[in-house]
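Here is a short report on one protein chain. Look over the sequence and the model first, then read on.

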Amino acid sequence: MDSHNDSDFFISFLSRLKKLSSIDWKIANTSARHSYGMEKMKVSSMTQAAQVHVPIGMASLLVFRATGDNHVFLGYREGNVFQVIFIEYQFGDVYCHNH
């Protein structure tokens, strides 16, 4: 991606984070995954390069859409805090999207 696309991606991602931080976990748990909801992803379905960055003992991560074009960010919940581990900048960085 060029620098213009870089800034568009991160502006879109920050806007998404702002919106997600204004809703509660109940909405995130019931909203559609392509809206403001989330889904679980098994660590074993992630790329080998991504798997090495997952905290030891975690079998799955929570996945939210980072932007309107289905890029994702992944992490885990600690109480009411979502700990981000990955922000998928390019499709395939974290997992294969063909499945």
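A polar contact is a pair of N or O atoms within 3.5 Å; within protein, one must be able to donate a hydrogen and the other to accept it, and residues adjacent in sequence count only if both atoms are side-chain atoms. One case involves His71: a polar atom of its side chain lies 3.1 Å from the backbone oxygen of Tyr89.

This is a predicted model, where local features need pLDDT of at least 70 and side-chain atom pairs count only at pLDDT 80 or more, while totals for chains, interfaces and linings use all residues. Residues are numbered from 1 along each chain as its sequence is written, and side-chain values use heavy atoms, with hydrogens and water left out.

## The overall fold

The protein has three helices and four strands. Helices (H or I, at least four residues) and strands (E, at least two) are DSSP runs, numbered from the N terminus. In order from the N terminus, the elements run α-α-β-α-β-β-β. The radius of gyration is 13 Å, close to the 13 Å that the globule rule gives for 99 residues, so the protein is as compact as a globular protein of that length. That radius is taken over C-alpha atoms, and the rule is 2.2 Å times the number of residues to the power 0.38. Along the principal axes, the C-alpha atoms fill a box of roughly 40 × 30 × 20 Å.

Of the 99 residues, 33% are buried. Buried means under 20% relative accessible area, exposed means over 50%, and partly exposed lies in between (1.4 Å probe, protein chains only). Contact means heavy atoms within 4.5 Å. Among contacts with a separation of 6 or more, 41% join residues 24 or more positions apart.

## The strands and their pairing

Two strands pair if DSSP finds at least two bridges between them.

| Strand pair | Sense | Bridges |
|---|---|---|
| β1 (residues 39–42) and β2 | antiparallel | four bridges |
| β2 and β3 (residues 72–78) | antiparallel | four bridges |
| β3 and β4 (residues 81–87) | antiparallel | six bridges |

Some partners can be named. Lys40 stands opposite Leu62 in β2. Arg65 has Val72 as its bridge partner in β3. Leu74 is bridged to Phe86 in β4.

The hairpins can be followed too. Six residues lie between the strands in the hairpin of β2 and β3, where Asn70 takes a positive phi near 75°. The hairpin of β3 and β4 has two residues between the strands, and there Gly79 takes a positive phi near 65°.

Is Arg65 buried or exposed? It is buried, with a relative accessible area of 4%. Arg65 sits in strand β2 (residues 60–65). This strand is mostly covered, with five of its six residues buried. The side chain of Arg65 makes a polar contact with the side chain of Glu39 (2.9 Å). Beyond four places in sequence, Arg65 touches several residues, including Arg16, Arg33, His34 and Phe73.

His71 belongs to the loop between β2 and β3. At 3% relative accessibility, His71 counts as buried. Residues up to four places away aside, its contacts include Phe9, Arg65, Tyr89 and Phe91.

## The nonpolar cores

A nonpolar core is a set of buried Ala, Val, Leu, Ile, Met, Phe, Trp, Tyr and Cys residues joined through side-chain atoms within 4.5 Å. The largest one has twelve residues, among them Met41, Val54, Leu61, Val72, Leu74 and Phe86. Which elements give two or more residues to this core? They are β2 and β3. A second, separate core of eleven residues includes Phe13, Ile23, Trp25 and Met38.

## Gly75

Gly75 lies in strand β3. Its relative accessibility is 0%, so Gly75 counts as buried. Gly75 and Val54 are 21 residues apart in sequence, and their C-alpha atoms are 8.7 Å apart in space.
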